[in-house]
Amino acid sequence: MTWSEVWPLLWPATKETLTMTAVATAFTAVLGTLLGVLLVLTERDGLLPVPPLNKVLGFVVNVGRSLPFLILMVAIIPFTKLITGTSLGNTAAIVPLTVGAIPFYARLVEIGLREVDPGVIHAAHAMGATRREIVAKVLLREARPGLVSGLTVTVIAVIGYTAMAGTVGGGGLGYLAISYGYERFETKVMIATVVLLVAIVLAVQLAGDLIARRLIRK
Amino acid sequence: MAAVDGVDLEVREGEIFGVLGRSGAGKSTLLRCVNLLERPDTGRVVVDGQDLLSLSGGELRRARQGIGMIHQHFGLLGSRTVAGNVAFPLEVMGVPRAERAQRVAELLELVGLSEHAKAYPAQISGGQKQRVGIARALAGRPKVLLSDEATSALDPETTASILELLRDLNRRLGLTVLLITHEMDVVKRICDSAAIMRDGRVVESGKVRDLLLRPGSELARGLFPLPEATVRPGTTVVDVTFEGDSADRPFVSTLARTYSIDVNILGGAVEEIGDARIGRLRIELPGDPQINAAQLAHLREAGLTVEVHGEAAHDGEAAVQDETAADGGTAVDGGTAVRGEDPLATEEALS
C-alpha cells in the first residue's frame, strides 16, 4: 500500500472512533456522575445514609471495573441487543463502552466528591440548604475540577476500549490497525493509526487539563 | 459516651456569650446542638422562643436560615467569588436575583469587603475570608450568630479585628452571639457572659465580671495566671481580687499601716474587662490565717474578694468566703437565670 491508499482509510476510521467515544462519554458523564453521587450520599456518614444500598452499589462498581473490557463486551451482548436491537456495529459497541466506563468514572466522581471540604458542606447545612442544593451547588460544583480531570481520564480509557470494538463488528482506528496493520502487515497503516490515536489522546488530555485548570480558582 | 451532658445554658438577648474549653471539652458539639447540626438525645433547644427539636425538616431548615454561623476554617465555596459566597444563603432562602445583588452589596459593605466582591476565596487573606463568613452568616438577618472557633485559625492582629467586628455587629444590630473558643483572650475582649466547659459539662457560667470576682473561679485563674501557691509555715497567702474603684484604692499600704504588718506582694495582674478594670493580687501576711482574721475581715469590708491559700479548712471556709464580696455581694448563677425574652436557651444531654 502506498500512503495515498492509506489516507482514505484513516478518515472514516477516525470519525468512527470519535463518534463511539463521544456518545459513550456523554452517557457515561451523566450515568457515572449519578452513580458516583449515590455512592457518596448513601454511605454511613453521607447526606442520605443507606448503607445496604451503598454496599450493593460499591460491589457492582467493583465487579464492573474488574472485568476486562473484552470479556464485558461479549458477556453483555444480550443486553446490547435489547437496547440497540443489534449486537454488531458501531452503535452496538457504544453500549459495552458505556457500561464499561460508568463504574470507572463513578469511582473517580466519588473520589472527587470526597475531596470537597466537609466544612463547606457543614456550613451549607447550617444555612438551611436542602440535600438537593448541597449536591448541586456545593458538592458537584466544588468538585468540578476533579470531575473534569476524571472525565478526561475516562475519555482516554474509552478511546482505548474502542480499539477492541472490532470484536463486535465496530469500526474505528483500533480495528483498522488490527485488520490492516497487523493481519495484512501494512506497516504504514499501523504507523498512521498509532500516530493518530496518540494525537487524539494527547489532545483530549490537553483540553481536559486546560478546562480543569480554568475551574480551579486560584 | 456522652460528648455533652447535663448542660443548661441560657444566652440573653443581645449579649455575647462565650463558651470556653479545651479541645474535646464538648463545646463544639454544644454549639452544633444549637442549630441541630447535632441532635441531642434528650433535652430542649430553644432559639428565639422556638423549640427546634419539635420542628419538621423543612421548618428546621427555615429556622436555620435565621441562625447565622461562622466557622473556624470559614467553610467558603472555593468555586464562587466572595459575592457568590454571600449570595449562597440568599439563594437557599429563595431571594430573587435583583434583591440578592443589592443585599450582597450591603453585606459586603458591612464587613468592609466591597472591593473584593469579585475575588475568589483563595485570593484573599484569612481575616478577609472570615469577614466573608460573617457577611454570609448575616445574610438572613439572623438574631443569633453562632461562632465556632471563628478566630482560632487567625493571627493575633486579625483575631483582634474580627473580634472588634463581632462586637460592633453585636452593638449595631443587636445581634446575640454565642461563641465557642479555647482562647481566654476572646472571652476577655468581647464576652459579656461566659461558661467554662470540661468533659462535656459546664463547670462555671455567668457574667464575666461576676465570674472574675468569684473566689475559686477558673475563669479568673485563667485570666490572671498566678503560679501554684506555696505557703510558708507561719504565713498567710491571700489572693485578692478587686474591681473598679477598689483598684484605685491602695489597700495594700492601708492594710500594712492599719495593722503595722509587712505585706509581701507575690504576684498579680490587672485586666481591662469591657469597661471595668479587674485585678488580682497575691499577697503574703505574717502569721497563720487565724491570727490574720481581723486583717482578712478588713480586706473584705473594703469590697475585695479574698481567697486564703493552704488552709486545711480551706474548702469548708470557701463557702463562707464566697459570700464576702461586698460590692453587691452576688454569687451569680448566670446559667440558670431565667428571663422572659431570652432568644437562645439550650438545655440538653447528649449521649
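Buried here requires 20 or more other C-beta atoms within 10 Å of a residue's own, with exposed at 12 or fewer, partly exposed in between, and C-beta atoms placed from the backbone. Helices are DSSP runs of H or I with at least four residues, strands are runs of E with at least two, and both are numbered from the N terminus.

Before going on, the conventions. This is a predicted model, in which local features need pLDDT of at least 70, side-chain atom pairs count only at pLDDT 80 or more, and totals for chains, interfaces and linings use all residues. Residues are numbered from 1 along each chain as its sequence is written, while chains are lettered from A and ligands numbered from 1 in the order in which they are written.

Back to α1(B). Its buried residues include B:Lys27 and B:Arg32, as well as B:Leu30, B:Leu31 and B:Val34. After α1(B) comes B:Leu36, with a positive phi near 60°.

For chain B overall, there are 13 helices and 14 strands. Of its 351 residues, 44% are buried. Taking contacts (C-beta atoms, placed from the backbone, within 7 Å) with a separation of 6 or more, 72% join residues 24 or more positions apart.

Next, a helix pair. The axes of α5 (residues 126-137) and α6 (residues 156-173) of chain B come within 10 Å and cross at roughly 20°. Axes are lines fitted to C-alpha atoms, for helices over the stretch in contact, and angles run from 0 to 180 degrees between N-to-C directions. α5(B) and α6(B) are therefore roughly parallel to each other; that label covers angles under 35 degrees, with over 145 roughly antiparallel, 65 to 115 roughly perpendicular and the rest oblique. Among the residues that meet are B:Gln130, B:Arg131 and B:Ile134 from α5(B), and B:Ser161 and B:Leu165 from α6(B).

Now the interface. Which residue counts describe the contact between chain A and chain B? 17 residues of chain A are in contact with 19 of chain B. On the chain A side, α6 (118-126) and α7 (131-142) are the elements giving two or more residues, and α6(A) has the largest share, six residues.

Last, confidence. Chain A has a mean pLDDT (the predictor's confidence in each residue, from 0 to 100) of 92, and 99% of its residues reach 70 or more.

Note on methods: Two residues are in contact if their C-beta atoms, placed from the backbone, lie within 7 Å.
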